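Here is a brisk report on a model with two chains. It takes the overall build, then the sheets, then the contact between the chains.

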Amino acid sequence: MLDKQQLLRFAPYIVLGLFLMIVPPFLDIAVLSLLTKILIFALLAMSLDLIYGYAGLWSFGHAGLFGVGAYTTGILIKSYGITSFWLSAPAGILMTVLVSAIFGLIALRGVALYFLLITFALGQLVYVTAFQWRAMTGGSAGLLGIFYPDLGFSFSFSSLSYYYFTLVVVAICAFVLYLITKSPFGHSLQGIRESETRMRHLGYNTWLHKYIAFIISGLFAGVAGVLYLHFNGIIMPSNANFAASGVVMLMVIIGGSGTLWGAAIGSAVLTCLAYFISIFTPERWPLILGAIFVAIVMFLRGGILPQLRRLWLKVSQL
Amino acid sequence: MSVLEVENVSQSFGGLKVLENVSFRMEAGERVALIGPNGAGKTTLLNVLSGHLPCRSGRIHLLGQEVTHMPTYGRISLGLARSFQINTLFPNLSLLTNVVLAVQGTKPARFQMLRSITAYGDNFARAKELLELVGLWEKRDDLITALSHGQQRHMEILLALASKPKLLMLDEPSAGLSTSETTGFIDMMRGLVGGTTLFFCAHDMDVVFALAERVMVLYYGGIIAQGTPEEIQNNPKVREIYLGTQAENA
């Protein structure tokens, strides 16, 4: 049984979980859609954190993988008329896994900044393909007219039920990612981040560990891409470019890299800010984002989550 | 069967020849020290033997198997382990995690993704045993960065010992320790190493005499002398390298 101490420790998580489950039916549709978006980007950011925060691989092309998942599913629906979610979604995710496996082979030849530059280029490759291959992707206008997924039985999604669908999928994925970070494999990734030389000398095939992590990360980015496609109804090349990758990376850094849940907090903070600030001054959003990033790096070292944890620990011990 | 057999290993960085036709062998249970002045190629030799640097010419056999071009992790799974002259630990992980990572390195569990690391009780038991050997069990939840340099040197050797190696290679185990620290360190080393086949390089002659049965002298990339510690101590050529000739000293 949980004792009082443990209850206090987990209280914030329980409150958050209850909020996500109970409150949405009473929310305005705009807020509901904001919440759905937060969940989807939380998954994308957490998938990046597995390689960025845990393995220390600075991937700068994560939105590209997200785009592969979204575009593959979208093209199957629009160009090939495969409307069943049970076919189009797994196909999109599988394609993301395949592309990750190829990108990983190329990118893992480099380390640190070189890895970053290669993933940057590979991400842009997805972006340019989406931009140029008009017949399939719709070019700069994007692939539009995608509806909520068709699950087969006579059930059609509303924005509320799609929110719950997203919540369940993201929760399952987040739980699997959590298990991975707590496993021997997840700890090995941290070891590689801290000292790859030492890990090799302890008997680890570090390349293989990094490669597997890169593919797993791609898989969850693909899931996020498919969720986003059906949520947004449209996928554009700009969803897959380096600016989008940069935002995901900022979510990880701002929330606290190497903490998994921090990435979700980063998603909540940046998605909310983007939403509210662009209502008032759309053109100044990047400027404000930059200022926030600098402030967090300077004043909240390690990101928001580690600081929140410290604060909660103090409060709960009073 | 020899534990280690090195035949004509050479290595150069650009035009600089660092190792030239190094050959030697080691039998099970032996404790061999590698000495030589700065820049003699001691660490380079260790790096080639552990696979950290590619071996460009010559052949290396480990426990009867050719490992000349085998990646590091393969040599480790055969039974090799090494430590580093410059602390190469996992600074932002706890002591316990450091050791557990070392213990699971040669086990299939290292690829397990969906079970918690704490489910592997025997890895933790082994880690506890090791940390208790150097008196750091109480500090198991501290980060490496919280340890003194001397304690980090202990961890350096502990990580190498975790896999119960058949050949243990230590690079300057007492690097950076003061004279008074070294005395305690030597006693601890004796206990830790036990009957393990040991190959180590060192500057500190106290460490060499305390631990080695056989000493090899590396000078400008070649082994110029080997023998018992006493023989090496009285070898005129070695004395010349370390102390200089009379003409130079004059």
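## Chain B overall

Of the 250 residues in chain B, 38% are buried. This is a predicted model. The secondary structure of chain B comes to 10 helices and 10 strands. Its C-alpha trace spans about 65 × 40 × 35 Å along the principal axes.

The radius of gyration of chain B is 19 Å. A compact globule with 250 residues would have a value near 18 Å, so the two agree. Contacts in chain B between residues at least 6 apart in sequence were also sorted by separation: 65% of them join residues at least 24 apart.

## Chain A overall

Chain A has 14 helices and 2 strands. Its radius of gyration is 20 Å, close to the 20 Å that the globule rule gives for 318 residues. Chain A is therefore as compact as a globular protein of that length. The C-alpha atoms of chain A fill a box of roughly 55 × 50 × 45 Å, taken along the principal axes.

Buried residues account for 47% of the 318 residues in chain A. Among contacts in chain A with a separation of 6 or more, 78% come from residues 24 or more positions apart.

## The open sheet of chain B

Six strands of chain B make an open sheet with mixed pairing, in the order 6-7-8-3-9-10. Which strands stand at the edges? Strand 6 (80–82) and strand 10 (222–227) of chain B do. Each has a single partner strand, so one side of each is left without a neighbour in the sheet. On average, neighbouring strands of this sheet are turned by 20° against each other, direction ignored.

Inside the order, strand 3 (residues 31–35) and strand 8 (residues 197–201) of chain B run parallel and are joined by 4 bridges. Val32(B) stands opposite Phe199(B) in strand 8 of chain B. Two helices pack on the sheet. Helix 1 (residues 42–50) of chain B touches strand 3, strand 6, strand 7 (167–171), strand 8 and strand 9 (214–219) of chain B. The direction of helix 1 makes about 145° with that of strand 7 of chain B. Helix 5 (residues 149–161) of chain B touches strand 6 and strand 7 of chain B. For helix 5, the angle with the direction of strand 7 of chain B is about 160°.

Strand 1 (residues 4–13) and strand 2 (residues 16–26) of chain B pair in the antiparallel sense over 7 bridges. One bridge links Glu5(B) to Arg25(B) in strand 2 of chain B. The two strands form a hairpin with 2 residues between them. In the turn, Gly14(B) has a positive phi of about 60°.

Strand 1 of chain B is also joined to strand 4 (residues 57–62) of chain B, antiparallel, by 5 bridges. There Val6(B) has Ile60(B) as its bridge partner. Strand 4 of chain B then pairs with strand 5 (residues 65–66) of chain B, antiparallel, over 2 bridges. Leu62(B) stands opposite Gln65(B) in strand 5 of chain B. Strands 4 and 5 of chain B form a hairpin with 2 residues between them, and Leu63(B) in the turn has a positive phi of about 50°.

## Where the chains meet

How many residues of chain B are in contact with chain A? There are 31, and they are in contact with 20 residues of chain A. Helix 2 (72–78) and helix 3 of chain B each supply at least two residues of the side of chain B that touches chain A. That side has 15 nonpolar, 13 polar and 3 charged residues.

Ile117(B) is found in the loop between helix 3 (95–104) and helix 4 (121–133) of chain B. Is Ile117(B) buried or exposed? It has 21 C-beta neighbours inside 10 Å, so Ile117(B) counts as buried. Beyond four places in sequence, Ile117(B) is in contact with Lys182(A), Ser183(A), Pro184(A), His187(A) and Val100(B). Val100(B) is 17 residues away along the chain, and the C-alpha atoms of the pair are separated by 8.9 Å.

## The nonpolar core

In soluble globular proteins, nonpolar side chains tend to be buried together. Here the largest nonpolar core has 149 residues. Leu43(A), Ala45(A) and Val99(B) have the most contacts inside it. Helix 2 (residues 29–54) of chain A gives the largest share of this core, 15 residues.

Not counting residues up to four places away in sequence, Ala45(A) touches residues including Val248(A), Met251(A), Val252(A) and Ala263(A).

Methods. Residues numbered from 1 in each chain as written. Chains lettered and ligands numbered in written order. Predicted model: local features only at pLDDT ≥ 70, side-chain atom pairs only at ≥ 80, totals over all residues. Pairing = 2+ DSSP bridges. Axes fitted to C-alpha atoms, helices over the stretch in contact; angles between N-to-C directions. Contact = placed C-beta atoms within 7 Å. Buried ≥ 20, exposed ≤ 12 C-beta atoms within 10 Å, placed from the backbone. Nonpolar A, V, L, I, M, F, W, Y, C, P; charged D, E, K, R; others polar. Rg over C-alpha atoms; globule rule 2.2 N^0.38 Å. Core = buried A, V, L, I, M, F, W, Y, C linked by C-beta atoms within 7 Å.
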